[in-house]
Amino acid sequence: MLGRDFCNLEKVAWLYQTTGDKYFYDKAMDMYDLYKKHTSVYDDVIGDFNSSNKQEMHAVTYHEMLKLPIILYMLTGDKTHLNTALNGFRKLDEFHMLPDGVASSEECLSEKGPLNTHETCNVVDYMWTCTYMLKSTGEVEWADRIERALFNAGLGSITKTFDTHQYASAPNQVVCTSHSSHVLAYDASRMAYRQVHEPHCCTGNVNRMLPIYVGSQWLKGEDDRLIKAMYGPGRVTHNVGKKRVVLEEKSVYPYSDTIQIDVIQ
C-alpha cells in the first residue's frame, strides 16, 4: 500500500459507503496505518500536502493521491484530512495553475510560464479529485473548478468528434503538429492531435472526461434530498421514500444560462 498503490483506498472506501459493512471501513483504516508506518518522509506525498513546499513531482501521482485525504475525511469526519487536501489544492493554485484551470505538467508539475502545458491525464484526474471535494463539502467552488477544467483545458485537448486527442495541451498553442511540442519529455509530437499517443494513459483517460462531469450533475444528499450540483442537459430518476421522481433539465448549457428543469413523473 505504498506510493500510488495506496490509491486502492478509493475502492475499499466505495465498498464501505455502498454496503455499510464495517469490514471495509476497518480495511481502509488498516491500509492507511500501513501507509504511515512504512512510507519514508521523502516519499510521503500525502504528508507533504501539509507543507508549504513546492512539490515538484510526477503530476498524475500528485492529482491521484490528492483525493486520498478527502476520502479519509469522508470516512472519519476528521477535518485534519480535509485541511491536508485543501493545502494540496492551494499549492497547485500557487505554483502550477494555468489560466485554463489545470496545473502545468510536463510529466512532473511545472511552472506557470507562457509555454507550459498540461498532460490530458491531469485534466481528468484533477476533475475527478474535485468531485470528491464537491461531494464532501457541498461548496460550489469545486463545481466551478470542474467546469473550468472541462470547458477549457479538457475540450481543448480533443477534437469535436472525439476521434483524436493531445497528450499535452496548453492555453498558448498556435501550431499542433508532430514537431511542435513545448514539452521536452518523450518526443516532439506530444501536442499533435492523434488517435493514440505513447504511452496510452491519456488515450484511456479521455473517455472518463465527460462521464465525470455528467456523473456530478445530480447528487444524493441526506434524508433522500436530491442536489442539482452542476448544469447540463439530462434526466435523473430519484426515489423519495417509496415515491419515484423523474426530473429533466432542458438546456444547452454552457452555451446559454437559461436552465429549465421539468418534473416528468
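**Entry 1: Arg194 and Ser189**

I looked up the side chain of Arg194 and found that it makes a polar contact with the side chain of Ser189, at 2.8 Å. I note that the model is predicted. I then placed Arg194 in the chain: it belongs to the loop between strand S4 (168–169) and helix H8 (201–205).

Is Arg194 buried, partly exposed or exposed? Its relative accessibility is 34%. Because buried requires under 20% and exposed over 50%, I recorded Arg194 as partly exposed.

I next listed what Arg194 touches, leaving out residues up to four places away in sequence: Thr164, His165 and Ser189. I also looked up Asp163, which lies 31 residues from Arg194 along the chain. The C-alpha atoms of Arg194 and Asp163 are separated by 8.0 Å.

**Entry 2: His165**

I followed the contact list of Arg194 to His165. I found His165 in the loop between helix H7 (140–156) and S4.

Which side chain does the side chain of His165 meet in a polar contact? I found that of Thr203, at 3.0 Å.

**Entry 3: Helix H6**

I turned to helix H6, which covers residues 120–137 and has 18 residues. From its first C-alpha to its last, H6 reaches 26 Å, close to the 26 Å expected at 1.5 Å a residue. I recorded that 15 of the 18 residues of H6 are buried, so that the helix is mostly covered. For my own reference, an α-helix has 3.6 residues a turn, so residues three or four places apart point the same way. After H6 comes Gly138, and I read its phi as positive, near 70°.

**Entry 4: The largest pocket**

I looked up the largest pocket and found a volume of about 460 Å³. It is lined by 14 residues, and those closest to its centre are Leu134, Lys135, Lys220, Gly221 and Ile227.

Which element gives the most to the lining of the largest pocket? I found that H6 does, with four residues. H6, H7 and strand S5 (218–220) each supply at least two residues of this lining. By class, I noted six nonpolar, four polar and four charged residues in the lining.

**Entry 5: Trp218**

I then examined Trp218, which is found in strand S5. With a relative accessible area of 15%, Trp218 falls under the 20% limit and is therefore buried. Setting aside its neighbours within four places in sequence, I found Trp218 in contact with Leu226, Ile227, Lys228, Val236, Leu247 and Ile261. I also checked Trp218 against Ala185, 33 residues away in sequence; their C-alpha atoms are 39 Å apart in space.

**Entry 6: The largest cavity**

How many cavities of 30 Å³ or more does the count give? I recorded one cavity. About 50 Å³ of space lies in the largest cavity. Ala185, which I had compared with Trp218, is one of its lining residues. I noted others in that lining, among them Ser105, Glu106, Glu107, Thr117, Tyr167 and Arg190. By class, the lining of the largest cavity has four nonpolar, two polar and four charged residues.

Terms used
Residues numbered from 1 in each chain as written. Predicted model: local features only at pLDDT ≥ 70, side-chain atom pairs only at ≥ 80, totals over all residues. Heavy atoms only, no water. 1 Å grid on protein atoms, 1.4 Å probe; cavity = no way out; pocket = protein on both sides within 12 Å on 5 of 7 lines; lining within 4 Å. Points joined across faces, edges and corners; volume = space filled by probe spheres on them. Nonpolar A, V, L, I, M, F, W, Y, C, P; charged D, E, K, R; others polar. Expected span 1.5 Å × (residues − 1). Buried < 20%, exposed > 50% of the residue type's maximum accessible area, 1.4 Å probe, protein only. Contact = heavy atoms within 4.5 Å. Polar contact = N/O pair within 3.5 Å; in protein donor to acceptor, adjacent residues only side chain to side chain.
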